[in-house]
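Biologist: I would like to look at the open spaces in this protein. Can you take me through them?

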Amino acid sequence: MRADEEAEYQLSGFLPYQLSIASNAVSGLIAERYRKRFGLKITEWRVMAVLGDAGAKTGGGLTQRDLTEVTLMDKVAVNRACKVLEERGLVGRSLNESDGRSHLLTLTTDGQAIHREVMPLAKATERELFDGFAPEEEVALRAMLERMRNRAGELAK
């Protein structure tokens with residue numbers, strides 16, 4: 001097999017693999033920093049971050065289905081994270097009056113306090129990751145990732 005043919009079959013050059021490895025490395029770095037301090041796993045933090053954003057924007061909660069759609073995480077992982085967060089008193093559950101079959105999840109006062117502490121830590125780590133990037137490279141990377149995500153969504157329809 002020629003070198004160019006061999007490279008075509010290398011996992012290391014496959015875009016989904018590269019994105020996954022980069023995502024895992026970045027998420028792992030940030031998660032390790034807040035796992036030590038707050039005892040949160042990646043999935044738990046993602047749920048808290050989304051609930052924190054939703055609460056800040058609308059003052060309302062989200063259903064587990066909403067969380068699954070927004071985070072693109074598996075519904076079992078979302079369910080497990082919500083259960084742990086609820087047991088820890090970081091997330092509260094209330095009846096969804098617009099759909100009696102589901103519940104709305106919101107951050108509790110303790111959950112909001114952790115969210116306010118973790119976000120600056122996560123943003124500081126993000127700034128560290130972009131050290132050495134030119135400002136226009138950061139902007140370009142973010143734009144390309146958004147376009148890639150949107151394109152994947154279009155192709156999935």
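This is a predicted model: local features need pLDDT of at least 70, side-chain atom pairs count only at pLDDT 80 or more; totals for chains, interfaces and linings use all residues.

Biologist: How much space lies in the largest pocket?
Modeller: The closest residues to the centre of the largest pocket include Ser-23 and Arg-149. In total, 33 residues line the largest pocket. The space in the largest pocket is about 1800 Å³.

Biologist: Which helix gives the largest share of the lining of the largest pocket?
Modeller: Five helices, H2, H3, H4, H6 and H7, each supply at least two lining residues. One of them spans residues 15-38. With nine residues, the largest share comes from H2.

Biologist: How many residues of the lining of the largest pocket are nonpolar?
Modeller: Three lining residues are polar.

Biologist: Which side chain of opposite charge is nearest to Glu-44?
Modeller: Glu-44 sits in helix H3. Glu-44 is buried. Beyond its neighbours within four places in sequence, Glu-44 is in contact with Gly-39, Ala-81, Val-84 and Leu-85. The nearest side chain of opposite charge is 4.6 Å away, Glu-44 has no salt bridge, and that side chain belongs to Arg-88.

Technical notes: Residues are numbered from 1 along each chain as its sequence is written. Side-chain values use heavy atoms; hydrogens and water are left out. On a 1 Å grid over the protein atoms alone, a cavity is a set of points where a 1.4 Å probe fits but cannot get out, and a pocket is an open set with protein on both sides within 12 Å along at least five of seven lines; lining residues have an atom within 4 Å of a point. Grid points are joined across faces, edges and corners, and a volume is the space filled by probe spheres set on the points. Helices (H or I, at least four residues) and strands (E, at least two) are DSSP runs, numbered from the N terminus. Ala, Val, Leu, Ile, Met, Phe, Trp, Tyr, Cys and Pro count as nonpolar, Asp, Glu, Lys and Arg as charged, and the others, Gly among them, as polar. Buried means under 20% relative accessible area, exposed over 50%, partly exposed in between (1.4 Å probe, protein chains only). Lys and Arg count as positive and Asp and Glu as negative; His and the chain ends are not counted. A salt bridge is a side-chain nitrogen of Lys or Arg within 4 Å of a carboxyl oxygen of Asp or Glu. Contact means heavy atoms within 4.5 Å.
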